[in-house]
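Subject: Structure for you to look at

Hello,

Here is the structure I said I would pass on. Please open it beside this message, as the notes below follow it helix by helix.

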Amino acid sequence: RAELSDNARVLSQNRRLAATRLAAEVIENMKQVGMDDAQFTIELKPNEDDAGIEIEGFARRLRISEEGIDDIEFMVSTNPGEGLKPLSQVASGGEISRIMLAIKATLSAVDTIPTIIFDEVDQGIGSRSAKVIGEKLGQLARDRQVLCITHLPQVAAFADTHFFIEKAADDSRAITNVVCLNPKRRLVELAAMAGNGTGAIGTATELLEQATRWRESTHGQRS
């Protein structure tokens, strides 16, 4: 009982130290993906339970599970002047994707999840932030599979493989087609994503060249 109590206390202390460092790095990554005014903290609450055990440094008895004594929640504020609230209650789908990207980028050296899916990670951002998002997705893709649905050519250019998804409808049902693009088709699709106007092919070519140079310059590095 004494050993369990001591181990739970040490684990909780280490978590609190790690939470401070992790939150600071996540905030920095959130700024890089277009969330300049966002705040992020990790809140740890001890699981109080009158039927639990006494632990040094805590006034109340605490319940211990295989995960320790802490109830952990991510708190976020996505707009200036807003208070911190649970992530699950305040963030939109696009914001959750970007926050997830910031967290995964921060934890990329130790996170072993093999596949990550990002949906609308580019929602509400400009082309400059989109390039940073593309780079961060590329970093994550070095050690795992990353699937990303995007409408920005600046993001799509960083993909190793580009799929085009199209929905069509006949008299009875909707049909979704997924096509893996060859280099020529990929260039045309990136140009269409860029606006398909004068110079769009040139823009698409430049985006692919930038992504290639970035990939070559970071080859062999871990994120």
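Does Ile 96 count as buried, partly exposed or exposed? The model is a predicted one, and in it Ile 96 has a relative accessibility of 36%. Buried would need under 20% and exposed over 50%, so Ile 96 counts as partly exposed.

Ile 96 belongs to helix 3, which covers residues 93–106. Between Ile 96 and Ile 27 there are 69 residues of separation in sequence, and their C-alpha atoms lie 13 Å apart in space.

Helix 3 and helix 1

Two packed helices are described by the angle between their axes and by the distance between those axes. For helix 1 and helix 3, the axes cross at roughly 125° and come within 8 Å. Helix 1 is therefore oblique to helix 3. Their crossing is right-handed. On the helix 1 side, the contact is made by Leu 22, Glu 25, Val 26, Asn 29 and Met 30; on the helix 3 side, by Ile 99, Ala 102, Ile 103, Ala 105 and Thr 106. Sorted by type, the residues of this contact are seven nonpolar, two polar and one charged.

Helix 3 and helix 4

Helix 4 runs over residues 127–140, and helix 3 packs with it at an angle of about 50°, the axes being 10 Å apart. That angle makes helix 3 oblique to helix 4. Here the crossing is left-handed. Helix 3 contributes Arg 98, Leu 101, Lys 104 and Ala 105 to the contact, and helix 4 contributes Ile 133, Lys 136, Leu 137 and Leu 140. These residues divide into five nonpolar and three charged, with no polar ones. Ala 105 is listed in the contact with helix 4 and also in the contact with helix 1.

Helix 4 itself

How far apart should the ends of helix 4 be? Helix 4 has 14 residues, and at 1.5 Å a residue it should span 20 Å; its end C-alpha atoms are 20 Å apart, so the two values agree.

The buried residues of helix 4 are Ala 130, Ile 133, Gly 134, Glu 135, Lys 136, Leu 137, Gly 138 and Leu 140. They pack against helix 1 (2–32), helix 3, helix 5 (153–156) and helix 7 (200–217), and also against strand 5 (115–119) and strand 6 (145–149). Among these buried residues, Ile 133, Lys 136, Leu 137 and Leu 140 are the ones named above in the contact with helix 3.

Regards

Definitions and conventions: Residues are numbered from 1 along each chain as its sequence is written. This is a predicted model: local features need pLDDT of at least 70, side-chain atom pairs count only at pLDDT 80 or more; totals for chains, interfaces and linings use all residues. Side-chain values use heavy atoms; hydrogens and water are left out. Axes are lines fitted to C-alpha atoms, for helices over the stretch in contact, and angles run from 0 to 180 degrees between N-to-C directions. Helices (H or I, at least four residues) and strands (E, at least two) are DSSP runs, numbered from the N terminus. Angles under 35 degrees count as roughly parallel, over 145 as roughly antiparallel, 65 to 115 as roughly perpendicular and the rest as oblique. A crossing is left-handed if the near helix is turned anticlockwise from the far one by less than a right angle, and right-handed if clockwise. Contact means heavy atoms within 4.5 Å. Ala, Val, Leu, Ile, Met, Phe, Trp, Tyr, Cys and Pro count as nonpolar, Asp, Glu, Lys and Arg as charged, and the others, Gly among them, as polar. The expected span of a helix is 1.5 Å times one less than its number of residues. Buried means under 20% relative accessible area, exposed over 50%, partly exposed in between (1.4 Å probe, protein chains only).
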